[in-house]
Structures are given as structure tokens and as C-alpha cells.
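Student: I've got a model here and I'd like to work through it with you. Can we take it piece by piece?

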Amino acid sequence: MRALSALLALPLILAACAPVEGANATRTTEPRACFLVQQATSFRADGQQSVYIRTVGRDVFRLDTSVCPGLETNFQIGLDPGLGFSSRLCEGDTVRLIARGYSSDIEACPARVMARLTEAEIEALPARDRP
């Protein structure tokens, strides 16, 4: 009896795994751009919500955060990817931004890796925001 019920359930299980038309319309075939935390060489903040990170490979990534007090006056930041053993951050990942200013305490703010900037986008940044 058990074998018969498993056999009858098989078509339902397979139908649940079947592709749905249009389901992958929002997915991109390009892999997400990533960098290792230890590859970050410099940063700049534009006010209190975006931080631009330059990596060893000369790539620039934009990280967005909710309001992070004193971010524009910080001289040192750290990136904490959270739990796990990987220090790899990719577009769409969340990270804890740890910022330290000259006269402020250490702040920890949640942030998201938004995008790797193109050369044109880097050039379009104001000089004060370009890492």
C-alpha cells in the first residue's frame, strides 16, 4: 500500500518541480560582482547613506546604508560580513559597516552591497566621493 501511494504521489512531486513560464524573467544570467573584504583599499562616503569601496583590482563598489551617524567624518571603516567563514561580499549581500571617526565612538550600521560601478559611473562621481 505504501509503495502504491508513493507511486501515485510521484506525478504531483514532479509537477511541483516543473518550470513555470516566465518564472526566470527577472533572473539575470550574469554572475553577481563580488570582492573579498581584505581586498578593500580605500573608501569614501557621500553624506550618511552611501559608501564607495575601491578594491585591489581597482573596482569600485557602492554600499548603501540607512542613516549612519558621522559616516562622512569617519577615517576608518571595517566590513563585517556576519556569520560564516567567507569574507566574500557580492551584489545584494548585507554587511555590517563598522565606522570609526576622529571624535565619535565606533558605529555599526547595516549596509547592502548595491553594485560594482562602471568606469563611466566612477568618473561621474564627484571627486570628494571617489575612493
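Predicted model: local features only at pLDDT ≥ 70, side-chain atom pairs only at ≥ 80, totals over all residues.

Student: Okay, what pattern does the protein follow along the sequence?

Tutor: Helices (H or I, at least four residues) and strands (E, at least two) are DSSP runs, numbered from the N terminus. On that basis there are two helices and eight strands. Read in order, they give α-β-β-β-β-β-β-β-β-α.

Student: What share of the contacts with a separation of 6 or more comes from residues 24 or more positions apart?

Tutor: Contact here means heavy atoms within 4.5 Å. Among contacts with a separation of 6 or more, the share from residues 24 or more positions apart is 50%.

Student: Which residues of the largest nonpolar core touch the most other members?

Tutor: A nonpolar core is a set of buried Ala, Val, Leu, Ile, Met, Phe, Trp, Tyr and Cys residues joined through side-chain atoms within 4.5 Å. The largest one has 19 residues, with at least two supplied by each of strands S2 (40-46), S3 (50-55), S4 (60-65), S7 and S8 (107-116). A second, separate core has five residues, including Tyr52 and Leu117. Back in the largest core, the members touching the most others are Phe35, Val51, Ile53, Leu63, Leu71, Leu79 and Leu89.

Student: Which cysteines form a disulfide, and how far apart are their sulfur atoms?

Tutor: The rule is a pair of cysteine sulfur atoms within 2.5 Å, and the count comes to one. The pair links distant parts of the chain, strand S1 and strand S6, 56 residues apart. The partners are Cys34 and Cys90, with their sulfur atoms 1.8 Å apart.

Student: Why is that disulfide called right-handed?

Tutor: Look at the torsion about the S-S bond of Cys34 and Cys90: the disulfide is right-handed because that angle is about 105°.

Student: How many salt bridges does a search of the whole structure find?

Tutor: Side chains of opposite charge can pair when their charged atoms come close. The criterion is a side-chain nitrogen of Lys or Arg within 4 Å of a carboxyl oxygen of Asp or Glu. One example is Arg32 with Asp93, at 3.2 Å from N to O. The search finds four.

Student: How many residues apart in sequence are the parts that Arg32 and Asp93 tie together?

Tutor: Arg32 sits in the loop between helix H1 (2-17) and strand S1 (34-36), and Asp93 in the loop between strand S6 (88-90) and strand S7 (94-101). Arg32 is partly exposed at 46%. The pair therefore ties together parts separated by 61 residues.

Student: What about Asp64: which residue does its side chain meet in a salt bridge?

Tutor: Asp64 is partly exposed, with a relative accessible area of 22%. The N to O distance in its salt bridge is 3.0 Å. The partner, partly exposed at 25%, is Arg62.

Note on methods:
Residues numbered from 1 in each chain as written. Heavy atoms only, no water. Buried < 20%, exposed > 50% of the residue type's maximum accessible area, 1.4 Å probe, protein only.
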